[in-house]
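This report covers selected local features of one protein chain. The sequence and the structure are shown below.

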Amino acid sequence: MTYDVAVIGAGVFGVWTAYQLNRTGASVLLLDAYGPGNSRASSGGESRIMRLGYGPDEIYTRSAQRSLQLWQELFAQHEQTASLFQQTGVLWLARDQDPYCEATLQTLRNVGARCEQLDHAQLSARFPQLSFDGVAWGILEPDAGVLMARRAVQAVALRARANGVDYLEGAIVSPVIDRNVRTVSGRTIEARHLVFACGPWLPKLFPDLLGELIHVTRQEVFFLGVPPGDDLFKPPRLPTWIDFNDLVYALPNVDGRGFKIAIDAHGPEFDPDTGERIVSNELKRAVREYVARRVPLLADAPVTESRVCQYENTSNGDFLIDRHPGLENVWLVGGGSGHGFKHGPAVGEYAAALILGNGPVEPRFSLASKERIQERKVY
Ligand SMILES: Cc1cc2nc3c(=O)[nH]c(=O)nc-3n(C[C@H](O)[C@H](O)[C@H](O)COP(=O)(O)OP(=O)(O)OC[C@H]3O[C@@H](n4cnc5c(N)ncnc54)[C@H](O)[C@@H]3O)c2cc1C
C-alpha cells in the first residue's frame, strides 16, 4: 500500500503530526525504531513542564496556549488519560533587573493568559518551602503545569491508531540519501510524503544537511525523595518553578516520583543510541549545592531516581519544520531544543498543514533560519 504520508519517529512531534494528518483524511503510517515514548527518546521522560511564558516570544506563548487546549481535549476523551496533565501552576523566579521575566509577564498579559505578579514578601508567605534569596519577584501561571510525558506520547499514539493510523515498529536505515527509504529489516516504505520527526537522531539520518545545525547534548535529571506523608512538596502547595537566571527548573512531587530538579545548561555532546544513561557526580554535586540554597528542607534528601536524556538544539532554539532542500516530499520536523514537548499538538497542526500545502509558513521554523553551531557549551 502507498500511504499519503509516512511519519518516521513516534516522539511527541511525530505522534501529533500523524494524529493531525489523519484528522485531515490522509492515510498515515507511523513508524518508530524503539517505540513511542521509549527511554532513549527525548520525549521518553516521566514529566515535562507545560508553561505559557516565553519572554518576548509571543509565537511560542500562543503555540503553548493552543497546545494546552489540544492536550486537554485529548486527555478528556478517556478516564485513564485524565491525569496526564497536572495543573500544578508554574512559578517564575525573577531578579531585580530581569528583562526576560518582565517580557514574560507582558506577553502573558498581551495574550490574555491568567498570571499573577508576586513580590518577595508574597512569595515567601505563599511558598515557605523555598528560600527566595536573591529573588526579587515572581510570576505565577495558575493554568500551567506538568505533562506526564512518556505516557502522554503513548496515549496520542494509541488515539491515532484507533483513528486509523497504521503503526510499524522498525528503524529506517540511516543516512537517508534519497527518497527510497527502507527499514533495517528490509521493508520499503511506500508513501507520497515522508516526515522525519526523529528528534536527536536527525543529524545521524541527514549528516550532511543537519550535522552542524542540530547539536545533541547530554542532560541530567534528578528526583529527590520527600519526607513521608508530606504534602509540602506536592501540588497545590508547591507549583512547578523555573529559575532561568540560575539555569534551574524543578517540579513538585507528582505521581509519587519525588521532587524533580534539573540544570538547564547544555551538557556535552551525546549519542542517543549508544550513550550510557548514568548521571555524573559533577551534576549531582551541582544540584545538591543549589538545593541546599533554594530548598533547604531537602538539602539531605536522597536521590530516589535519575535520568539522562538529551536536547536536540538548533542555533537559536527555534524548531525546524521544513521541507528537505534536496529531496522533494521529504519533511524535517524537530529541533525541540529542550522546550519542545509542550508544543507537540501545535507542531503537529503546523506540520500537517505545511505538508498538505494549505498552511501559513513561519520563517522561524525554516531550515534557512538555522545557523551552524560552532560554540560547544559544557557545564
Ligand atoms: C531532560 C529534558 C527535559 C525537558 N524538559 C522539557 C519541558 O519541561 N517542557 C518541554 O516542553 N520540553 C522539554 N524538553 C524537550 C522535549 O522533551 C523535546 O523537545 C521533545 O520531546 C522532542 O520530541 P521529538 O518528537 O522531536 O523527539 P523524540 O522524542 O526523541 O522522538 C524521536 C523518535 O524518533 C525515533 N527514531 C529515531 N531514529 C529513527 C529511525 N532511524 N527510524 C525510526 N525511528 C527513529 C526514536 O526512537 C524516537 O522515538 C525536555 C527534554 C529533556 C531531554
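## Surroundings of His-193

In this predicted model, His-193 is in contact with Asp-4, Val-5, Ala-6, Asn-329, Trp-331 and Ile-355, leaving aside residues up to four places away in sequence. His-193 belongs to strand E10, which spans residues 191-196.

The relative accessible area of His-193 is 17%. Buried means under 20%, so His-193 counts as buried.

## Helix H5

Helix H5 covers residues 149-162, 14 residues in total. From first C-alpha to last, H5 reaches 20 Å, close to the 20 Å expected at 1.5 Å a residue. Just after H5, Gly-164 adopts a positive phi of about 120°.

The buried residues in H5 are Ala-149, Ala-152, Val-153, Ala-155, Val-156, Ala-157 and Ala-160. An α-helix has 3.6 residues a turn, so residues three or four places apart point the same way. Among the elements that cover the buried residues of H5 are helix H1 (12-23), strand E3 (48-50), helix H2 (58-75) and strand E8 (145-147).

## Packing of H1 against H5

The axes of H1 and H5 are 9 Å apart, and the two helices pack at an angle of about 25°. Angles under 35 degrees count as roughly parallel, and H1 and H5 are therefore roughly parallel to each other. The crossing of H1 past H5 is left-handed.

On the H1 side, Val-12, Val-15, Trp-16 and Tyr-19 take part in the contact; they meet Val-153, Val-156, Ala-157, Arg-159 and Ala-160 in H5. By class, this contact has 8 nonpolar residues, 1 charged residue and no polar ones.

Technical notes: Residues are numbered from 1 along each chain as its sequence is written. This is a predicted model: local features need pLDDT of at least 70, side-chain atom pairs count only at pLDDT 80 or more; totals for chains, interfaces and linings use all residues. Side-chain values use heavy atoms; hydrogens and water are left out. Helices (H or I, at least four residues) and strands (E, at least two) are DSSP runs, numbered from the N terminus. The expected span of a helix is 1.5 Å times one less than its number of residues. Buried means under 20% relative accessible area, exposed over 50%, partly exposed in between (1.4 Å probe, protein chains only). Contact means heavy atoms within 4.5 Å. Axes are lines fitted to C-alpha atoms, for helices over the stretch in contact, and angles run from 0 to 180 degrees between N-to-C directions. Angles under 35 degrees count as roughly parallel, over 145 as roughly antiparallel, 65 to 115 as roughly perpendicular and the rest as oblique. A crossing is left-handed if the near helix is turned anticlockwise from the far one by less than a right angle, and right-handed if clockwise. Ala, Val, Leu, Ile, Met, Phe, Trp, Tyr, Cys and Pro count as nonpolar, Asp, Glu, Lys and Arg as charged, and the others, Gly among them, as polar.
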